[in-house]
Amino acid sequence: MKKVFQFVLACSALVLSFNTAAEPQAMQTLERMGVVAKQLNYDGIFSYQAGNKLQSIRIIHRADEQGEVERLISLNGVAREVIRTNDMVTCIYPEGKPVQENHRPLGRGFPTDFLRRLSSAEAYYQFSLGQKGRVASHHTQEIVATPIDNYRYGYSLWVDKDNDLLLQSDLLDSMGNVLETFSFSSVEMGQDIPEQSLKPEMQGNAMSWNRNEYGLSAVKVTQDQSSIWQVTWLPKGFNLVTQQNRFKARNGASIEQQVYSDGLSSVSIFFEKIRARHSHLHGGSKMGAANAFGTIMNAHFITVVGEVPARTVEKMGNSIRFNGAE
Amino acid sequence: MDLELVQRVQAGDKKAFDVLIMKYQQRIVHVITGFVHDPVEALDVAQEAFIKAYRAIPNFRGDSAFYTWLYRIAINTSKNHLTSRARRPPAVDVDAMDATNFYDAAELKEFETPESSLMTDELQKTIHQAIEGLPEDTATAIKLRELEGMSYEEIAQAMECPIGTVRSRIFRARDAIDKQIQEIMGEGE
Amino acid sequence: MTVNQNELLSALVDGELQGKELDDVLQLLNTNEQARRQLQRYQHTSDLLHDHSVSHHHIDLTDRVSAALDDDAAFTTSSNNTAQIIAFPKHFWKQAVSLAVAASIGALAVVGVMTQPENQLIQPPQMASVEVETTPMVVAKTGKRWTVEEQEIEERLNSYLVDHNEYAGASGVFSYARVVSYDMGQ
């Protein structure tokens, strides 16, 4: 385990070494943070807050010779448990509730590819040390990620000073207002986690899959030649990281989703062929930390969505060109 | 911590904003000096940052601490200053498209002279020695406030004394420390 | 400067003054240069104890900032223009099991956070030709619902947002939290 830890640390040092504009100490802290989240045992409750939404989740994480096991339990709202054992993910819903076909309830897989994504992002954010503070009664060091332009938001990351675990993450607009916060309200770190703590307690319908089957590349992918859409403007550093045609809207239309990211910030663009008259977003809208922009082009509803400023989704939306046959 | 002051500024009290400037200007100037280096220029940028903060303060919602919000404004103002400085006819040709990202890596390093670093060390040592020389209750009160970040109310509960006593002890600690520092800095009344 | 005045300045550094005492101190600082220097010395000590990097030279930007702002109109107390400061209860982030967390949502309601903002579309942003923001953006009040008129559009956007966060979220655990929280509204 120690050798694995050292190897990962060495790799991450290589990955991060070419950034000369960031404060070294800030980058070192982030590097340790990424590794620790995989290696450390911890059990805590964190809250997600954006606008007036509040979601509380308990997370239990254990790492040992067999790898990682993680259990997430939603404490309010829709009941749900997710257990991840290395790459196997099991999602449990209450009995009677339809099983959602969400194959990535853990999103892009924090913290597994955090360091790799960070290496993509560091050219587009300035990472610096901020203040000292306290989160969940633990002393923390703030790392500030200030974006290089106004097309993306910044971050304030509060890292536990003793264990380097990320305890709070704030998404910030250009005026420093907090758009979204993830914050531990209580957490215990470094303790033994008994097997029983990682067993699901919810009775219900379970679905399991190997998340590598739905693997998401965090690196740039070449645009599928069959896509008839081209986004001609992107913020500096944004690359296409996913493109797929998996979804079916209620009316049977397939929807193409393209995901663009700079490593930290992400934007999705949805292209849905118009099959029936229904209402669609025209122009901008906002909820919590997310902005959306809608338009219609060549008999398709186009929606741009992401946790980026409104100007970004609008400019991307307006830059879309149709390459298909008329 | 600065909630009441900020609310007063939002209600139109400019004197309250002066206090916020007095509280945070040293830190803000230091942050900005990390970008612009020249001390005179840093003061200009700091002035601009405070002006922006004053104009934006109606939009401050209190989601973060006031200083955190101000710090962001200072960082953005510094970056914009560097960007606009880069757009003036440069000694070396800079591609216009890259102008917004033209950052000399050296400019972004933490800028602390050896002299100021030594001064910080000496001052911190003096402060800690002064605290150790205080009566126990006084030393405890200032430590709980400054090192643990507790409010007066929390300290009063911890030390089982009235809030007024906490305030008085912390003041006496600061006063004693201030006298020691004045000897080093050479400032007099 | 009296001992009592210095004590007030010390309490001001800690943000522990309200009401009349705060009025008195603001008045003192407005008229007494010695008081201003004393405040800054106490603040300097506090900064050093917190290990904040500070300039050691005496600086006073208040006059020049004040002169530059002299032409600005004073802020009004109009609620249309002034953001409400959200004062989270002190124990908001304390440890909680699920029932207590539900109670904390009630605490949010008490301080007025749950007030539904009026739906409004955001203004089209200024399309700056360079990446420097010179005027503040008009930002719609954020809330727990999309700023759209029709439920059908809202549902569609929620669905897109869930898909977006599954595949593009900044981090797995955080994406999970976002996804689950959006489900709450459905």
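Two residues are taken to be in contact if their C-beta atoms, placed from the backbone, lie within 7 Å. This is a predicted model, in which local features need pLDDT of at least 70 and side-chain atom pairs count only at pLDDT 80 or more, while totals for chains, interfaces and linings use all residues. Residues are numbered from 1 along each chain as its sequence is written, and chains are lettered from A and ligands numbered from 1 in the order in which they are written.

Of the 326 residues in chain A, 51% are buried; a residue is called buried if 20 or more other C-beta atoms lie within 10 Å of its own, exposed if 12 or fewer, and partly exposed in between. Among the contacts in chain A that link residues at least 6 apart in sequence, 53% join residues at least 24 apart.

One element of this chain is helix α4, residues 310-318 of chain A, which is mostly covered, with seven of its nine residues buried. Those buried in α4(A) include Ala310(A), Arg311(A), Glu314(A) and Met316(A), and what covers the buried residues of α4(A) includes the strands β12 (229-231), β15 (266-273) and β19 (320-322) of chain A.

Strand β8, residues 154-160 of chain A, is largely enclosed by the rest of the structure, because seven of its seven residues are buried. Gly154(A), Ser156(A), Trp158(A) and Asp160(A) point one way from β8(A), whereas Tyr155(A), Leu157(A) and Val159(A) point the other way. Strands count as paired if DSSP finds at least two bridges between them, and β8(A) pairs in the antiparallel sense over six bridges with strand β7, residues 138-147 of chain A. Within that pairing Ala145(A) stands opposite Tyr155(A), and β7(A) and β8(A) form a hairpin with six residues between them. With strand β9, residues 166-172 of chain A, β8(A) also pairs in the antiparallel sense over six bridges, Gln168(A) being the bridge partner of Trp158(A). The hairpin of β8(A) and β9(A) has five residues between the strands, and Asp164(A) in its turn has a positive phi of about 65°.

In chain C, Ala35(C) lies in helix α3, residues 33-49. Ala35(C) counts as buried because it has 21 C-beta neighbours inside 10 Å. Leaving aside residues up to four places away in sequence, Ala35(C) touches Met1(C), Gln5(C), Leu9(C), Leu28(C) and Leu29(C).

Terms used
Helices (H or I, at least four residues) and strands (E, at least two) are DSSP runs, numbered from the N terminus.
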